[in-house]
Structure formats: structure tokens, C-alpha cells
Amino acid sequence: MNLWFTENQTDNLRLSFRIKKLIDFRKSKFQSLAVYDTFEYGRLFTLDDFVMLTEKDEFVYHEMISHVALSCHPNPENILVIGGGDGGTIREIERHVRVNKITLVEIDKEVVDIAKKHLPFVACGFEDKRVDVFIEDGIEYIKNHKNEYDIIFIDSTDPVAFAEGLFRTDFYQFVFDALKEDGIMVAQTEYPFLKGDFIKQVYSSLKEVFPIVSPYLAFIPTYPTGMWSFAFASKKYHFINDLNPEFTKPFADRLKYYTPEIHKAAFALPPFIKKLID
Ligand code: SAM
């Protein structure tokens, strides 16, 4: 008998994975959480039946959300991650010895727990002694921190419910204020093919707050449409002019997607996306 997990990406678009078995299912006060074993992509982690990551392709997202900004900042000592409770983003940040401190603010402790139990390939990020984990709402947390962080990563779920506030102008202003005078913010900003209006609104909000703003792209087969976007929003450093390939050289052989060439190519935007953000 064939068992399938289906993600309803929109009312008219679905993605199905043939599964070997359901590993874990639980409900927190925020969302439902599930881990499956799949035939094509290994372990699959979902929140409210949306794909968060798969064992086979998570490296694309986690390398691209982290190494782009870390390759443009000369002294990224103090890092904040909002969301990211699976540990994949902090796993990548930890490769940079220049980083002294990583604070992760995840609203749902069940995410951290289920990752530590069933997703060791990303939860290994929690083992580093530079990491402090706070279980709280990032929207509240950010208001109490000023001029403190070199880079802030917003590794959140889609802009709905308790994550919706992470995509608003007032939140971006709080992020701006929590960054040092040469700080950078990176946020996942969904998929341009079917979320054009959302992308338009997010980038106009970001441009109200940050002087240097650009989307960049990566290709993630298990995310809707396969083309994913991230926002690079910076007070001082430029995403191409300040790229220093030396920063990822010490561990380049351990990366499976990010290279300085991919970094530059990720900012070469197709006209349909340029039109959305200009
Ligand atoms: N890579 C995934 C993606 O792009 O959809 C996201 C990874 S991570 C699992 C997303 C995390 O953001 C979830 O664990 C969720 O609980 C957390 N989150 C959502 N809203 C939050 C908020 N306001 N404060 C802190 N964490 C939040």
C-alpha cells in the first residue's frame, strides 16, 4: 500500500512525497509538527503540514540564508537568529570562527525538541557552546535590544499567524535599531512565482528602513515552485562589492551549494523579479 504526504501549497497546487513511515507527530500551542521518512528526500519535517526542510535538500536553504551576509561582514561577532528552531541555520553560522555569540529566539520549544530527537543533521547546530536559545516571540524579543547585533537572520515560517508580524515595516525598524551601525539583516521572503504581491510589499517595506536592499535567489526543489528568495538588507556593506571569498575558504570543501560565484549569481535577478521590487 502506498502512503503519501501531500503539501497543499496553494488552493490549486500540491506537492506529494511517498512516505515509508510517520516518525513523530505532535501538536504544540502554536502548530502541528511532524517528521516523516520519505523515499526520495529522506527525513521530512513539516509544521502545520507545510514543508520546513528535507534531509536531502536542506543544505541549499541553510547555506544560502547564512553564508551570503557572513561573507560580506568583516567582523560578525554577535549574531541573532529569529525562528530557525530546527538548528540548520545556526549549524552553518558556526562554521565562521569569527562569530563569538549566537542567540536563537524560537517561539515554539517543540520545534527544538522534535529536531533534537529526529533531525540530527540540523539539530547538531545546538551543540556549539556559542549558542544561547530563548523560547519566546521574536517580535517581542527584538524590541528590547538596541545597537547590539552584527547580523540578524529571520528564519521564519510563512507570513501567517504568529509569523505574520515578522514581515511588517515596524518589525524591520526594530531590527534596524537592534543592529549595530554596520549591521546586516537577512530574511527568507518566500517564492516570487506565486507570491509577487507579497514580495512587492516586503521589499517596499525594507526599502523604507534600510539603505541597501536586494533579493537573492536559491533553488530548493521541495519548496513551492522551487525558486526561493531571501532579502539582503544592510546599513553599510554591499552584497557584491563587500563580498570577501576568504571568509568561507576555510570550510569551502564542506559546503554543497554556496560558493562566492553562486553568491554573485544569486543576485542576478530575472526581469520579472526586478519589476516586482523596483
Ligand atoms: N526554513 C523554513 C522555511 O523557510 O519555511 C523555516 C525554518 S524554522 C522551522 C521556522 C521557525 O520560525 C518555526 O520553528 C517557527 O516556530 C518559528 N517562528 C515563527 N514565528 C516566530 C516568531 N514570531 N518568533 C520566533 N519564532 C517564530
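Leu179 sits in strand E10, which covers residues 179-188; helices (H or I, at least four residues) and strands (E, at least two) are DSSP runs, numbered from the N terminus. Leu179 is buried, with a relative accessible area of 1%; buried means under 20% relative accessible area, exposed over 50%, and partly exposed in between (1.4 Å probe, protein chains only).

Before going on, two notes on how to read the values. This is a predicted model, in which local features need pLDDT of at least 70 and side-chain atom pairs count only at pLDDT 80 or more, while totals for chains, interfaces and linings use all residues. Residues are numbered from 1 along each chain as its sequence is written, and side-chain values use heavy atoms, with hydrogens and water left out.

**Around Leu179**

- Which residues does Leu179 touch, not counting residues up to four places away in sequence? The list is Asn147, Glu148, Tyr149, Asp150, Ile151, Ile152, Ile184, Met185, Phe210 and Lys235, where contact means heavy atoms within 4.5 Å.
- Follow the chain from Leu179 to Thr189, ten residues along, and the two C-alpha atoms are separated by 19 Å.

**The loop between E9 and H6**

- Phe167 has its place in the loop between strand E9 (149-155) and helix H6 (169-178).
- Is Phe167 buried or exposed? Phe167 counts as buried, at 3% relative accessibility.
- Leaving aside neighbours within four places in sequence, Phe167 is in contact with Ser156, Thr157, Asp158, Pro159, Tyr172, Gln188, Phe198, Gln201 and Val202.
- One of these contacts, Val202, is 35 residues from Phe167 along the chain, and their C-alpha atoms are separated by 6.5 Å.
- Ala161 is also found in the loop between E9 and H6, but Ala161 is exposed, with a relative accessible area of 61%.

- Most residues other than glycine have a negative phi.
- Ala161 has a phi near 55°, a positive value in a residue other than glycine.
- Thr225 also has a positive value in a residue other than glycine, with phi near 70°.
- Where is Thr225 found? Thr225 is in the loop between strand E11 (212-219) and strand E12 (227-234).
- Thr225 is partly exposed, with a relative accessible area of 34%.

- Lys117 belongs to helix H3, residues 109-118, and counts as exposed at 55% relative accessibility.
- From Lys117 to Ile19 there are 98 residues in sequence and 19 Å in space, C-alpha to C-alpha.
- Phe121 belongs to helix H4, residues 120-123.
- Not counting residues up to four places away in sequence, Phe121 touches Arg43, Leu53, Glu55, Glu58 and Arg91.
- Phe121 and Gly87 are 34 residues apart along the chain, with their C-alpha atoms separated by 8.8 Å.

**The chain as a whole**

- How many helices and strands does the chain have? The secondary structure comes to nine helices and twelve strands.
- The radius of gyration of the chain is 18 Å, close to the 19 Å that the globule rule gives for 278 residues, so the chain is as compact as a globular protein of that length. The radius is taken over C-alpha atoms, and the globule rule is 2.2 Å times the number of residues to the power 0.38.
- Taken along the principal axes, the C-alpha atoms fill a box of roughly 55 × 45 × 40 Å.
- Buried residues make up 59% of the 278 residues.
- Of the contacts with a separation of 6 or more, 67% are accounted for by residues 24 or more positions apart.

**Domains**

- The chain is divided into domain 1 (3-54) and domain 2 (58-248 + 259-270), with bounds that come from an automatic or database domain assignment.
- The C-alpha centres of domain 1 and domain 2 lie 23 Å apart.
- Across the two domains, 24 residues of domain 1 are in contact with 24 residues of domain 2.
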